[in-house]
Amino acid sequence: MSTTGATADPLAALGSLPGVAESVESVRKAVDRVYGHRIMRRRSNEITSEAALRGARGSAALSGADWALEEVRRRTDFSGDGEARTVGAALRLTAEAGQLLSIWRQSPLRVLARLHLVAAADRAGAVGRPRQDGEPVDEPLVELPLPEAGEVAGRLEGLSQLIIAGGSAPALVTAAVVHGELLALRPFGTHNGLVARAAERIVLIGSGLDPKSVCPAEVGHAELGRAAYLAALDGYVSGTPEGMAAWIAHCGKAIELGARESTAVCEALQRGAA
């Protein structure tokens, strides 16, 4: 992770990058539209459940299992082929994310280990801990150079300290950095993309931006497409101000699209109730 200069709050410093303030404001407006919908006052639990399902589908799609929403909704057994296991892992992570909010601000690394354990529940071997040198990483859709284990440990510790310290950074900035850093590091042997997007979800919920988890960024990331996702990630990894700003803006657009998705669900429920 790169910042624009030495500061006690490097995440907040990213908020001053060109275009980031506009992204933050646009995300806030999109989220406010969902929360202001009349259906949210009476049926918010339904919107949350639907957003979780759609978010899991979107995250799985980015990890190579691009299933139709109704197939994800219908299926009960996810123990079959690799795609089924990926969808199952995404669903488990979405369900688990909301249970880890109280731990996140005190021990982010513990939460990340738990997320990986949940995602890799159907695998034996090194689960629930960062990889060591020489251990393979199965993340074929992210083809960036793989940092060594020592660098991974150091950067995870730095990220953890930033989260624990808190600060004044907007939720979008913190969520984007957590997401980007985990994708860049790929700290686990498997399921790094799924874990990174689940961690982004935790930040958005825990920050108060999306406390009911009705703005699934994963939906937006999938809608924007894998090529755009990876191109924006290249910007993050570059560490340049322009690249970082582009990644944050990309994550902001994903949240806006997730909010739009849930607004459409609200509208459908309202039409059904009319």
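This is a predicted model: local features need pLDDT of at least 70, side-chain atom pairs count only at pLDDT 80 or more; totals for chains, interfaces and linings use all residues.
User: Let's start with H7. Which residues does H7 span, and at what angle does H7 cross H10?

Analyst: H7 covers residues 108–119. Its axis crosses that of H10, residues 192–206, at roughly 130 degrees. The two axes come within 10 Å.

User: What does that make H7 relative to H10?

Analyst: Oblique. The cut-off for roughly antiparallel is over 145 degrees, so a crossing at roughly 130 degrees counts as oblique.

User: And is the crossing left-handed or right-handed?

Analyst: H7 passes H10 in a right-handed crossing.

User: Which residues meet there, H7 against H10?

Analyst: From H7, Val111, Leu112, Leu115 and His116. From H10, Val195, Ala198, Ala199 and Ile202. By class, the contact has seven nonpolar residues, one polar and no charged.

User: Now the core. How many residues are in the largest nonpolar core, and which touch the most other members?

Analyst: The largest nonpolar core has 80 residues. Trp104, Leu112, Leu115 and Trp247 touch the most other members. In soluble globular proteins, nonpolar side chains tend to be buried together.

User: Back to H7. How does H7 pack on H8?

Analyst: At an angle of about 120 degrees, with the axes 9 Å apart. H8 runs over residues 149–165. This pair is therefore oblique too.

User: Which residues make that contact with H8?

Analyst: Pro108, Leu109 and Leu112 on the H7 side. On the H8 side, Leu156, Glu157, Ser160, Ile163 and Ile164. The classes here are six nonpolar, one polar and one charged.

User: Switching to backbone. What is phi for Arg186 and where is Arg186 placed?

Analyst: Phi of Arg186 is near 45 degrees, a positive value in a residue other than glycine. Arg186 sits in the loop between H9 and H10. Most residues other than glycine have a negative phi.

User: Buried or exposed, that Arg186?

Analyst: Buried, because its relative accessibility is 2% and the cut-off is under 20%.

User: What does His191 touch?

Analyst: Beyond residues up to four places away in sequence, His191 touches Ala89, His116, Ala119, Ala120, Arg123, Asp138 and Glu139.

User: Over to H9. Where is Thr174, and what does Thr174 touch?

Analyst: Thr174 lies in helix H9, residues 171–185. Leaving out residues up to four places away in sequence, Thr174 touches Leu11, Ala169 and Val203. Thr174 is buried at 17% relative accessibility.

User: Last one, His250. Which helix, and how buried?

Analyst: Helix H13, residues 241–273. The relative accessible area of His250 is 10%, so His250 is buried.

User: And its contacts?

Analyst: Apart from neighbours within four places in sequence, His250 contacts His221, Leu224, Ala228, Tyr229 and Ala232. Leu224 is 26 residues from His250 along the chain, and their C-alpha atoms are separated by 8.7 Å.

Terms used: Residues are numbered from 1 along each chain as its sequence is written. Side-chain values use heavy atoms; hydrogens and water are left out. Helices (H or I, at least four residues) and strands (E, at least two) are DSSP runs, numbered from the N terminus. Buried means under 20% relative accessible area, exposed over 50%, partly exposed in between (1.4 Å probe, protein chains only). Contact means heavy atoms within 4.5 Å. A nonpolar core is a set of buried Ala, Val, Leu, Ile, Met, Phe, Trp, Tyr and Cys residues joined through side-chain atoms within 4.5 Å. Axes are lines fitted to C-alpha atoms, for helices over the stretch in contact, and angles run from 0 to 180 degrees between N-to-C directions. Angles under 35 degrees count as roughly parallel, over 145 as roughly antiparallel, 65 to 115 as roughly perpendicular and the rest as oblique. A crossing is left-handed if the near helix is turned anticlockwise from the far one by less than a right angle, and right-handed if clockwise. Ala, Val, Leu, Ile, Met, Phe, Trp, Tyr, Cys and Pro count as nonpolar, Asp, Glu, Lys and Arg as charged, and the others, Gly among them, as polar.
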